[in-house]
Amino acid sequence: MPIQSIRDPQLSENPLPFSSAVRVGPLIFVSGQASVDREGEIVSDSFAGEMRRSLSNMRSVLTAAGVDFSHVVQVRSYVGREEDLEEYNKVYREFFSEPFPARTTLVGCLGTALKFEIDAIAMIDPSETSQPQR
């Protein structure tokens with residue numbers, strides 16, 4: 001199966017060697033999304049603010065791939081501080097609903113620049129005909 005790179009038309013080209021997302025068959029693998037602006041610069045904020053920006057960036061990538069949060073089957077979240085876990089679960093419910101994706105949450109692994117990052121795997125229903133933008 002060919003690997004298709006998904007590019008988010010809302011963001012500038014990333015100078016780093018990775019795709020925002022790739023599609024292989026019905027699966028879409030979304031790279032880590034953080035609190036960055038259109039130029040890729042980190043936007044510092046409260047934990048909730050950074051998480052919402054990260055998830056909004058993920059929404060843009062998913063849209064570019066022709067899907068939305070309801071297509072997400074797995075997420076990996078990276079939370080900077082353990083004391084933010086309660087807020088994390090609260091904000092998470094603003095973007096995801098039942099049936100919730102499978103989820104792994106890693107805490108205390110981000111260093112000082114970011115408070116939150118998330119990556120995901122989404123699946124296109126075979127009966128859907130949406131095609132990703134190239």
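This is a predicted model: local features need pLDDT of at least 70, side-chain atom pairs count only at pLDDT 80 or more; totals for chains, interfaces and linings use all residues.
Glutamate 50 sits in helix α1, and it is buried, with a relative accessible area of 0%. Here is a quick tour of that residue and of the sheet and helices that go with it.

- A polar atom of the glutamate 50 side chain lies 2.9 Å from the backbone nitrogen of lysine 115.
- The backbone nitrogen of aspartate 45 is 3.2 Å from a polar atom of that glutamate 50 side chain.
- Glutamate 50 counts as buried because its relative accessible area of 0% falls under the 20% cut-off.

**The sheet**
- Six strands make up an open sheet with mixed pairing, and their order is β1-β2-β3-β6-β4-β5.
- At the edges are β1 (3-6) and β5 (102-107), each of which pairs on one side only.
- From one strand to the next, the twist averages 15 degrees.
- Strands β4 (residues 72-79) and β6 (residues 116-123) run antiparallel and are joined by seven bridges.
- Valine 75 has alanine 120, in β6, as its bridge partner.

**The helices across the sheet**
- Helix α2 (residues 85-95) lies across β4, β5 and β6, and runs at about 150 degrees to β5.

Conventions. Residues are numbered from 1 along each chain as its sequence is written. Side-chain values use heavy atoms; hydrogens and water are left out. Two strands pair if DSSP finds at least two bridges between them. Helices (H or I, at least four residues) and strands (E, at least two) are DSSP runs, numbered from the N terminus. Axes are lines fitted to C-alpha atoms, for helices over the stretch in contact, and angles run from 0 to 180 degrees between N-to-C directions. Contact means heavy atoms within 4.5 Å. Buried means under 20% relative accessible area, exposed over 50%, partly exposed in between (1.4 Å probe, protein chains only). A polar contact is a pair of N or O atoms within 3.5 Å; within protein, one must be able to donate a hydrogen and the other to accept it, and residues adjacent in sequence count only if both atoms are side-chain atoms.
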